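Work through the exercises below with the sequence and the model open side by side. Each task is followed by a solution in steps.

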Amino acid sequence: MIKIQQVSKSFGGKVKALQNVDLHIGEGEFVALLGPSGAGKSTLLRCINGLVRPCRGTVEVDGISVHSSKMALRKVRSQTGMIFQQFNLVKRLKVIDNVLCGRLAYSNIFTSSIKMFPRSDVEFALYCLERVGLADKAYQRADQLSGGQQQRVGIARALVQTPKIILADEPVASLDPRSSLNVMNILKKINQEDGITIVVSLHDLDLARQFADRMVGIKDGTVVVDKGAKDLSRQEIEEIYRVGKSDGYSADFLGKVELVHA
Amino acid sequence: MPDTSVRALEGADRPGWKLSALLKKGMLGALVIFIYIWSAYGTNLSVSELVRGYPFMADFLNRMMPPSTANLSGLVAPTIETIQIAIWGTTLAVVLSLPLGLLAAQNITPHPAVYYVTRWVLNALRAVNDLIFALIFVAAVGLGPFPGVLALGVHSAGMLGKFYAEAIENVDKGTIEALEATGAHKLQIIRYAIIPQIVPEFVTYNVYRFEHNLRQATVLGMVGAGGLGFELITSMRLFKYQDAATILLVILLVVTGIDHISNKIRARLI
């Protein structure tokens, strides 16, 4: 389903976000990307739907080379849902309009710009809201919802795309534990019932262990571990998160903060 | 051990009273004072002139009193015209500046070259005062309120376009990215991610601009571009100071009235 081959990406020449990443993800898998912040998880996710263009290497989604043309890019994006740490809803729009945003790639530019969607789209959007348990909030403004609810709207926006893949960039990092579990449960359900491939970056190891079939550890822009969720040993996990030399500064800084608080 | 590091951190925060910093501040102060004195000479700033001119001012005000009521009925039409100029001038400005604002916003401009050209156009429109535009348009389309509308529209477009562009640049990047990720077309992203987010700023700027344009519309008549300004300059030239006083009062009334109404509109819409 997703074929990432020899992908490298650097920002501004100096910072190497990804280095020669090879990763194949099959249809219907639930993959967790693990790693410390700044390891390149977000960049890797964004290479899959072309929000980030790799400097080298190729990304193929469902047989389409993502970065080959504008048409290919739009095709891949329309079939790939994405949810974000900060939800990224349009706060001043109604919930239903936010969900319908997921249909834009399938809609006529002119009728959609006067908020005219086919009845079938609106009904499908309501159905997707129902699946995430928010059918009753459809006509409220998005900013009136709690964080957990907003993230579920984000999932509905992805679902309404009828995607083959859903990418989730730290989807629960801004949520309380209960909402986190709820969101992860919904993702798992979608994965199992619809067979949608799910790639989610997480920093909460327990959640990853609980929901993912496969764990991919990323550190300094490279894949360091790639195993079934059950097979990952404590030692390997520690290896992913071990503070390297480059992080010496932050460790030092944390130490100082503690001193000041004492 | 913790104590020493805390003290070290505090020490690092304390501003150093170094001689060089003091010298810098002194020189900056001297420069500011110099600029003020120099500009005072340039503008013939003089307290004695002001004192000597006082009787003439008093005489001037005296001649205005009491404001005449004879010309009141003749002022109705120009007052309405002034408001109409402001309405159409502002509307024209909004229509012109919407595309300009979109092209001049760094985050959605189609090309950097387009960005620079539109920014330059907006700067040029702002640099030329609306009275100067009015002079140009009077020459082009003749006397009357229409050149006034054009002048306000074109000059205000420079102002509004810049404000719109800044509002667009401040839009939450995440929502734009989220819509890009769905494969939405750029026009759809503008419609669904950008426009809803700039509505409050859009309304505020437009209402402010309408107030400003109304004030400008009261002087456009001085260069022949319609409205109350024409009545004012005519009565001054004919030494009808009592009529002029009435016109000034009407202007005061209309401007404060519209300010009041637009404050209400703003409060309701946001």
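Predicted model: local features only at pLDDT ≥ 70, side-chain atom pairs only at ≥ 80, totals over all residues.

Residues are numbered from 1 along each chain as its sequence is written, chains are lettered from A and ligands numbered from 1 in the order in which they are written, and side-chain values use heavy atoms, with hydrogens and water left out.

**Exercise 1. Determine the strand order and the pairing of the four-stranded open sheet of chain A.**

Step 1. Helices (H or I, at least four residues) and strands (E, at least two) are DSSP runs, numbered from the N terminus. Two strands pair if DSSP finds at least two bridges between them.

Step 2. S1(A) and S2(A) run antiparallel and are joined by seven bridges; Lys3(A) has His24(A) in S2(A) as its bridge partner.

Step 3. Strand S1 (residues 2-11) of chain A also pairs with S4(A), antiparallel, over five bridges. Here Arg56(A) in S4(A) stands opposite Ser8(A).

Step 4. Two bridges link S4(A) and S5(A) in the antiparallel sense, and Glu60(A) is partnered by Ser65(A) in S5(A). The hairpin of these strands has two residues between them, and Asp62(A) takes a positive phi near 50 degrees.

Step 5. The order is therefore S2-S1-S4-S5, with antiparallel pairing, and strand S2 (15-25) and S5 of chain A are the edges, because each has a single partner strand.

**Exercise 2. Which strands stand at the edges of the sheet that contains S6 and S10 of chain A, and why?**

Step 1. This open sheet has six strands in the order S6-S7-S8-S3-S9-S10 (chain A), with mixed pairing.

Step 2. Strand S6 (80-83) and strand S10 (222-228) of chain A are the edges: each has a single partner strand, so one side of each is left without a neighbour in the sheet.

Step 3. Neighbouring strands are turned by 15 degrees against each other on average, direction ignored. Axes are lines fitted to C-alpha atoms, for helices over the stretch in contact, and angles run from 0 to 180 degrees between N-to-C directions.

Step 4. For one parallel pair, take strand S7 (residues 165-169) and strand S8 (residues 197-201) of chain A, which share five bridges; Ile166(A) has Ile198(A) as its partner in S8(A).

Step 5. Helix H7 (residues 177-194) of chain A packs on the sheet, touching strand S3 (30-34), S6, S7 and S8 of chain A, and its direction makes about 140 degrees with that of S3(A).

**Exercise 3. Classify the crossing of H3(B) and H11(B).**

Step 1. The axes of helix H3 (residues 47-64) and helix H11 (residues 241-269) of chain B come within 7 Å and cross at roughly 80 degrees.

Step 2. Angles under 35 degrees count as roughly parallel, over 145 as roughly antiparallel, 65 to 115 as roughly perpendicular and the rest as oblique. H3(B) and H11(B) are therefore roughly perpendicular.

Step 3. Contact means heavy atoms within 4.5 Å. Phe60(B), Arg63(B) and Met64(B) of H3(B) meet Tyr241(B), Gln242(B), Ala245(B) and Leu248(B) of H11(B).

**Exercise 4. Which residues touch the most other members of the largest nonpolar core?**

Step 1. A nonpolar core is a set of buried Ala, Val, Leu, Ile, Met, Phe, Trp, Tyr and Cys residues joined through side-chain atoms within 4.5 Å.

Step 2. Among the 86 residues of this core, they are Phe30(A), Val99(A), Leu129(A), Ile155(A), Met184(A), Leu202(A) and Ile194(B). Helix H7 (residues 145-169) of chain B supplies the largest share, nine residues.

Key
Buried < 20%, exposed > 50% of the residue type's maximum accessible area, 1.4 Å probe, protein only.
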